[in-house]
Every structure is written in structure tokens, then in C-alpha cells.
Amino acid sequence: MAGLTKKQKSFCIGFINFGNIAEAEAYSGVKNGRELLCREEIRDELRRLSDVFNESVACIAGAGLIKLAVGKVSDAVGLLYDERPSAEALNNMDLFMVSEIRRKNDQVEIKFFDRFKALCELSKGNEKRSGSGSFYDALMAGAESLNNTADYGA
């Protein structure tokens, strides 16, 4: 926003990040955060930054869903065969899809996030953007169509 000083813009960024006037003041170096929040141009900038933040979070969430839906599980499966992985090996593993790891005695149990649920969530997001029906709705319509065809002996 053109009418704001560098410190005021910094205050707005701090307020979006921290959600706290005192922290935003410390981050930006301004002393009048409460007063700034009363100004229309500051509120406009906060709305703009909030929209950018929300879009970014939505993109990150979408990327995470894609990774859950189609990501590799080989590193996690490798844990089953490595009795004592080094800290370095663990740090280099992609365990994003793992929801839980349990080790009891000589047994390791690894639980993964549900790929189908991730695909359904992705489908819901695509449905909202494109206006098309959900993946589940398409499956049910196909099943019903097959059922109706079977009823008529076709």
C-alpha cells in the first residue's frame, strides 16, 4: 500500500504473523500499534495481507494433501528393516506420510495417513474451484448406473 511507511507496513506484517499488538510493535519498532489499528489504511493493508496469508496456507495444505495422496513410503518402510537407524539417516528420511511409529521390543509398527481421504479432500478442493461433483459422488453415480443396468438385464 503506497501511503504507509516502512515501519507501518512492518507492523502490519508483524500483526498478521503474531496476532499480538505488543509483538508487532517490537517487530516493527512502532510505539502506537493500538492507534494504528484504528486507521482505515492500516486495516486495508491487514485485510490484504490476511488474504495473501490465507492463499499461501491453502497452497501449502494442497501440496501436503498431494504428498499424502501420492507420496513415497519407501523411507518409512525402510525403518522396518533398519534396527538402529542413525540420527543422520532419520533426519534424511521423508516420513511425511507417517502418522504414528511404535517400537515395542523387536517389533516396529508404522501407521500411515489415509491416502483415500487425502484424495477425497483434494477432490473437494477441485470441486469448489471447478463446480464439478465430488469424486465420491461420481463413484456413487457409477455404482447406481451399474445397478440399474443389472436390474434390466442389459
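Let's start with Phe-15, which counts as partly exposed because its relative accessibility is 22%, just past the 20% limit for buried. In this predicted model, Phe-11 has 0% relative accessibility and so counts as buried. Both residues sit in helix H1, four residues apart, or about one turn of the helix. In an α-helix, residues three or four places apart point the same way, because there are 3.6 residues a turn.

A search of the whole structure turns up two aromatic pairs. Phe-11 and Phe-15 form a stacked one, with 6.1 Å centre to centre and 20 degrees between the planes.

## The helix around them

Helix H1 covers residues 6-18 and spans 18 Å from its first C-alpha to its last, close to the 18 Å expected. Its buried residues are Gln-8, Ser-10, Phe-11, Cys-12 and Gly-14, and they pack against helices H2, H3 and H4. Just after H1 comes Gly-19, with a positive phi of about 65 degrees.

## Into the core

Phe-11 belongs to the largest nonpolar core, a set of 11 residues that also includes Cys-12, Ile-21 and Leu-46. H1, H2, H3 and H4 each give two or more residues to this core, and H4 gives the most, with three.

Definitions and conventions:
Residues numbered from 1 in each chain as written. Predicted model: local features only at pLDDT ≥ 70, side-chain atom pairs only at ≥ 80, totals over all residues. Heavy atoms only, no water. Expected span 1.5 Å × (residues − 1). Buried < 20%, exposed > 50% of the residue type's maximum accessible area, 1.4 Å probe, protein only. Contact = heavy atoms within 4.5 Å. Core = buried A, V, L, I, M, F, W, Y, C linked by side-chain atoms within 4.5 Å. Phe/Tyr/Trp six-rings, centres within 6.5 Å; stacked < 30°, edge-to-face > 60°.
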